[in-house]
Every structure is written in structure tokens, then in C-alpha cells.
Amino acid sequence: MTTLRTHLYDEHVKLGGKIVPFAGWDMPVQYTSVKDEVLAVRQNVGVFDVSHMGEFFVEGDDAEAFVDHLVTNDILNAPNGKAIYSPLCRDNGTVIDDLIVYKLKPGKVLICVNASNIDKDFNWMKSKHQGYSCSLTNCSNIFSLLALQGPKAFETLRPLLSELPDMEYYSIFETSFQGHPVIVARTGYTGEDGFEIFGHHGTIKSLWQKFMELKVTPCGLAARDVLRLEVCYPLYGHELNDEVNPYDAGLGWTVKLPKQSFIGKETLVSKTAKYKLVKLILDKGIPREGYPVLNSKNETIGVVTSGTMSVILNKGVALARIEFDKTPSDDVFLVDIRQKPFSAQLTKKPFVTGGHK
Amino acid sequence: MTTKIPTNLKYTKEHEWALVEENTVTVGITDFAQSALGDIVFLEVPEVGTNLKAGSTFGVVESIKSVSDLYSPVTGEVVGRNSDLEGSPEKINEDAYGSWLIKVKVKDTSELNNLLTAEQYQEFCNTSH
């Protein structure tokens, strides 16, 4: 399989970005140092090229009703201009993908999906489309996407656009950059304040170049992974996959059972979690995906789904999937790192508190 | 990618360098390796007295994003470990050739002929990446 390149590929190479294959794309994993890129986002402002992600548009009278039927979260009752995070589930409750639904205006919805799941999601949605009076279009190939993240994101972006109100977190606004339309959402995957900016390739390339002129730190996928893990956001393929349901990944809050009907409701209404997703901090050792999690009797009770060295805490942190009925009552967790047990503290709160509004 | 490859050292295909002084070999990871790894945050090397076998793993080096095994260039006994790196493994990023990991006393110095010269290692880096 040949890997795909975003329209900013040459920019990344010019900046010295290290390119790695990711979800079928050649993407920059880091430019200078993961640490510096993480700190830029937490303390200042950084920008990610996330053009590999997918964009679908749903337009027509039934746009909201159709999307509401597809996903577990409540789309119909959310106000226009709002962004809503949701799993997309099968009838048996397993997760096809996690995505963000943007209510642009009555009868027009944008859905942003994970790069690795574009075809899977689109085919699934298409198969459920019959009977709804709306179009469903995969626009992934005509849109580029940047994520501008960090406490200085708003003051960086505002002067560049024709208009940008101090919008709410998780809302969306249509505006323009140098006369070209862009869709700006106050969303991101870092826990910090920030914006995701959708536009056509040429527009987004000019915007990226503008950010570089302004000395915004270009950030790669490695920093993005540390940032999302520090604030405990799930990543499809790690915390979420085709086998688990939203409850197994701590996403019960996104399953709105009072909704009249949605795909997966009948199963999810009676289902309980088989797994529990826990947050673990280690004083010593760095947990990695796939490492076993043990109880005080050294029995395996689960597995690390994502692990890294937190740049902010300077400690190993992990999300781990624990079998629900084996969750230890004494809260003693050990992570098996290369056949050696390292003690891990359970924490209820995210490892790092992001500064988003 | 440009990388520093001192000519006075020997190299492995796993990107370790070896400084040979009589029958003692000082081992570290190359500039190419530290650059590929990124920010190094953890290092695990064997105790003095451990016996190593050429080509087998002797420890790990971890960056924020990945874990890599370390491979011994030679067979022998660990006679020293760099205590300067304990607590500050990021020094490897700053100076890969100035940051040695372990010293190994070798019995059979003929084994050193299996290692790559600087020229061969440069060639290896050029073709494998």
C-alpha cells in the first residue's frame, strides 16, 4: 500500500520534521523535541497538521435526525453552532469510531472522524442512510485541517481571520482567511484552549505558512499523543476498538439512553461494562501499550492501553483496561515492565488539568 | 539526514558505538540512534559483573515515544557503568559519543573484527534509511 501525504508534506520536510507512516499517511512525528512541542502547547501555542482526518458533510431536512440516529450522544437537542463528541456504535454496542459532530446550521452537519476509520465509517453510515432526506458526502479529500492549540491560540488566530468571536469551547463558527472560507471549531485533542480550522488545501497551506511566520511551534504526532494522554482522552485503536462498548472505555456519559432511538440502544440499555478504564501514575518506570497490569497477588487483571512519560509530571502515566470483576478492592495496581512489577497509583482525575475554557 | 560518525570508533547495525582500548570496550549509542529516538527519558543497563554476549540485549533505552533494546557489541564482563547518566539520561541526546553507557572487558579481541568501521556504518545508515 502506498502511503498518502497531506498537502503540507513539503512544509513538514522543509521544517526538518521526522516523517513516519501513520494510519496510511506519511505524517510528521516530531520536528525538534517532543518535550519542547508539548510545553509549547501547554504554555504558549503550537500547531498540528491533522489533515489526515476525515470530514463528512450531511445536508438536508433530516441531517440532524440522521446523525442523531447514528451516534449515541444527543445531537437533536444540542443547539446550532455546537460541537458534540460521540462514539459511533454497531447494533451490538461495539465502537466503530469516536468522532465529533458539528452542527453548522439547521440542515447542515459536519462530522470529523479518525483517519484510520474513514472508509469503515462512511460505508457504515451509507448503509444506514436509506429513508432519510439528506445527503451524506465524504469530503476528506478536499479538506485540510489544522489544530492550533495552547493558551495563546485565540490571540494568535483572531487577527488572521475576517471575524472570530470569543466563542464557547466545543462550538463552531464559519469565517474566512484571506477571503477564503474556513470553518473554525474551538476543539482539540490536548486539553488546552485551541481551535481546529477546516478549509480547502490552498487556504490551509497559506494559514500554516502564516503560523510559521508568527513563530507558532509546529508539533508532531508524538507530542499530540503525550498531550491527549496527559488529559486522559481516549484514542481509537487503543482505549477504543471494534470489540469494546462505550462503557468499557469510561464513555458512559456519551450514551444518551433517553433518546428515542439510536443504533446500539437496544443492546446498550441492558449492557453493563465488562472492563473499567483506569488512570495509573508510576513513580518509577514507563508503562507502554500492551504491558500487563497486576493486582497485589501478582495476578494479571488487565492491560495498559496507552502509556508514556508525562512531560508535565515527569512520571510514567498509563490508561489501562481492567476486567471489571477483577478490579482490586485495595486499589493496589502493579504494571509488569519487562517481567518486573512496578507499583502504580490509581488516580481519579486526569494526570494534567488542561487550560481549556 | 546528516549524523556524526567518529572514525576512531567501531559500530553495530543496531546503532551502538564501541571504543576499543586494549581489552576494554566502552559502549554507547550513536548520534543517529539518539536522533531517531528523540527525547531520552530512561536508561536501564546491567550491574558491574554481569556477563554479556555479543549480539544479545543488555539493557533498554526509552524515549518519550518508544522503547529500544540495547545490543552488546562484544562478549565479556561489565566492568563499569556511567553513573553520570543515572537521573539525567537526556545527556545522551546532547552528546551521544560523550555519553558512554558501559565498559566491557573482553576475552577474545578477534570478535571486534565483526564490528563495522565508521565508513561501513555510514554506508549502513545511508542505505537502511
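Predicted model: local features only at pLDDT ≥ 70, side-chain atom pairs only at ≥ 80, totals over all residues.
Chain A has eight helices and 20 strands, and its residues are divided among three domains, namely domain 1 (4-50 + 141-230), domain 2 (55-136) and domain 3 (274-347).

**Overall form of chain A**

- A compact globule of 357 residues would have a radius of gyration near 21 Å, and the 20 Å of chain A agrees with this.
- The C-alpha trace of chain A spans about 65 × 50 × 40 Å along its principal axes.
- Domain 2 of chain A and domain 3 of chain A have C-alpha centres that lie 34 Å apart.
- Buried residues make up 47% of the 357 residues of chain A.

**Nonpolar core**

- In soluble globular proteins, nonpolar side chains tend to be buried together.
- The largest nonpolar core in this model has 130 residues, and those with the most contacts inside it are Val67(A), Ile111(A), Leu146(A), Leu148(A) and Val335(A).
- Helix 7 of chain A gives the most to this core, contributing six residues.
- Apart from residues up to four places away in sequence, Leu146(A) touches Val47(A), Phe48(A), Asp49(A) and Val50(A), and also Ile197(A), Ile204(A), Leu207(A) and Trp208(A).

**Strand 13 and its partners**

- Strand 13 of chain A comprises residues 194-200 and is mostly covered, with six of its seven residues buried.
- Strand 10 (residues 143-149) of chain A runs antiparallel to strand 13 of chain A, and seven bridges join the two.
- Within strand 13 of chain A, Glu196(A) stands opposite Ala147(A).
- Strand 12 (residues 180-185) of chain A is also antiparallel to strand 13 of chain A, and is joined to it by four bridges.
- Phe198(A) in strand 13 of chain A stands opposite Ile183(A).

- Three strands of chain A form an open sheet with mixed pairing, in the order 1-3-2.
- Strand 1 (4-5) and strand 2 of chain A stand at the edges with a single partner strand each, so one side of each has no neighbour in the sheet.
- Five bridges pair strand 2 of chain A with strand 3 of chain A in the antiparallel sense.
- Trp25(A), in strand 3 of chain A, is the bridge partner of Phe22(A).

**Positive phi in two loops**

- Most residues other than glycine have a negative phi.
- Ala23(A) has a positive phi, near 50°, and is placed in the loop between strand 2 (18-22) and strand 3 (25-30) of chain A.
- Ala23(A) counts as partly exposed because it has 17 C-beta neighbours inside 10 Å, whereas the cut-off for a buried residue is 20 or more.
- Arg338(A) likewise has a positive phi near 50°, and its place is in the loop between strand 19 (333-337) and strand 20 (340-347) of chain A.
- Arg338(A) counts as exposed because it has 12 C-beta neighbours inside 10 Å, and a residue with 12 or fewer is exposed.

- Chain A gives 11 residues to the contact, and chain B gives eight residues.
- On the side of chain A that touches chain B, the elements that give two or more residues are helix 2 (34-43), helix 7 (221-230) and strand 17 (300-309) of chain A.
- The residues on this side of chain A comprise six nonpolar, three polar and two charged.
- Thr308(A) is buried, because 27 other C-beta atoms lie within 10 Å.
- Neighbours within four places in sequence aside, Thr308(A) is in contact with Asp225(A), Val226(A), Leu229(A), Ile286(A) and Val317(A), and with Ile64(B).
- Thr308(A) and Ser171(A) are 137 residues apart along the chain, and their C-alpha atoms are separated by 30 Å.

Conventions:
Residues numbered from 1 in each chain as written. Chains lettered and ligands numbered in written order. Domains from an automatic or database assignment. Contact = placed C-beta atoms within 7 Å. Nonpolar A, V, L, I, M, F, W, Y, C, P; charged D, E, K, R; others polar. Core = buried A, V, L, I, M, F, W, Y, C linked by C-beta atoms within 7 Å. Rg over C-alpha atoms; globule rule 2.2 N^0.38 Å. Pairing = 2+ DSSP bridges.
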